[in-house]
Amino acid sequence: MMKLPRAWSPALLAAALLPLPASADDEHAGIAMDHQHSARAELWSGDRQLSAQGNLAQASLWSQFRLDAGAAGQVLAKGWLRAQTPENAPALRRGALRELYWRQQFGDVQIRAGRQLLVWGRADGVNPTDNLSPKDFRLLTPEDADQRNGSDAMQFIYSTGIGQFSLIAIPALQSHRIPLPAMPGVQWHASEAVHQQAMALKWDYSGEGLDASLSLLRGPDLMPGLAHVSMNAQGLQLHMRPAQATVLGADFSASYGGLIWRAEAAYSRFTDSVHADSAALLQPKRHQWMLVAGPEAELGGNTTLGIQVLLQRVSGWRDPQSLADPLQRTLAMQQASFQNQTLASQYGLTWRLATRKLNDSLVAEVSGLMLAPERAGLWRAKVDYALNDQWHVQAGAERYFGPRSHFFGQLKDNNLLYLQLRAGF
């Protein structure tokens, strides 16, 4: 019997088991391959690592492939490579394999094995149920979707007359990669969720004028938090690790009264977020519920406006400013900032105004989020112009605002301008 290596992943297993022919162009074997590529050259006013680095140049290649092997199923892959200057810029990965999975249909059941981008949620921008697709928030890319990384998973999808039922098993769900603030005498240690398994169930329905889903997740929270504190000769050591989460979610999208209405909600319970020996200094992540809902309207002239109300309520919240010990108060404020639990209740708005002009050659968009009562959030603006069917020029800006103690306020050093030249082929 073949013995799998200890570091096996479903992506490697799928690639090993799929019987590929000698040539992908063998039409008699029923083999077909599709591929798309995007070459990009960019100038950025800074990085996304809260550093003082400025004026970065970047070149990258983004590719995706689909191999149809007939009766043997399909293989899908996505990835990117990049180079960045100057040489003293904060180091990040030079490439990533975002997806590599095999899928096959067996009657009403589809099986997918490998690295997959598992994107949940129908709300626009903020998705409380999007808990299976880790992001690298440090990655310089204009599109949020490009920050996503795939998860090695086994997925079973059963199609019925009342919708699709999905079962997803992830051996090791990784957490978000986030920028960490520089603090004198403090060293950060971010540990990935190497052995933290996740299981997820979802019912998804799509019908005439209505899409809806219910979901349940048990696994590590994607957003890491402070889990352990220690001291050594180098100073204070802050260790980060995601909490265990149980998330019950629901969403829907429906057309009514000339508007597209979207809503998404999730109730999350967290456990095991702080090591026992650090419990006196660190506050665990609290249970919370979140709701996002609102309409999208066509304003005419190829212009759309979407507005959503956001509500968040944290159970058992404790004000970090009420803590008497200075170190405990500082750590509690940082913990609340990471977890976006700086208040017991938060409410706010998200918006997106987009328009298409010049026969859709010019696309302009302004979007943002503001949370009250702290008046924290972000806004973004971008313009994309198609020079022809292949070449695009895009320019944009993003700005974070709010008090430094807030999740968005501590990202002020990541305010950016960018210019991109992109070619698709």
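Which residues does D136 touch, not counting residues up to four places away in sequence? They are L92, R93, Q147, N149 and R177, where a contact means heavy atoms within 4.5 Å. This is a predicted model, in which local features need pLDDT of at least 70, side-chain atom pairs count only at pLDDT 80 or more, and totals for chains, interfaces and linings use all residues. Residues are numbered from 1 along each chain as its sequence is written, and side-chain values use heavy atoms, with hydrogens and water left out.

**Around D136**
- D136 is buried, with a relative accessible area of 2% (buried means under 20%, with a 1.4 Å probe and protein chains only).
- From C-alpha to C-alpha, D136 and R177 are 4.6 Å apart in space, and 41 residues apart in sequence.

**Cavities**
- There are four cavities of 30 Å³ or more; a cavity is a set of points on a 1 Å grid over the protein atoms alone where a 1.4 Å probe fits but cannot get out, and lining residues have an atom within 4 Å of a point.
- Grid points are joined across faces, edges and corners, and a volume is the space filled by probe spheres set on the points.
- The largest cavity has a volume of about 90 Å³, and its lining includes W317, R318 and P320.
- The second largest cavity has a volume of about 50 Å³, and among its lining residues are R40, E42, W62 and W80.

Definitions and conventions
On a 1 Å grid over the protein atoms alone, a cavity is a set of points where a 1.4 Å probe fits but cannot get out, and a pocket is an open set with protein on both sides within 12 Å along at least five of seven lines; lining residues have an atom within 4 Å of a point. Buried means under 20% relative accessible area, exposed over 50%, partly exposed in between (1.4 Å probe, protein chains only).
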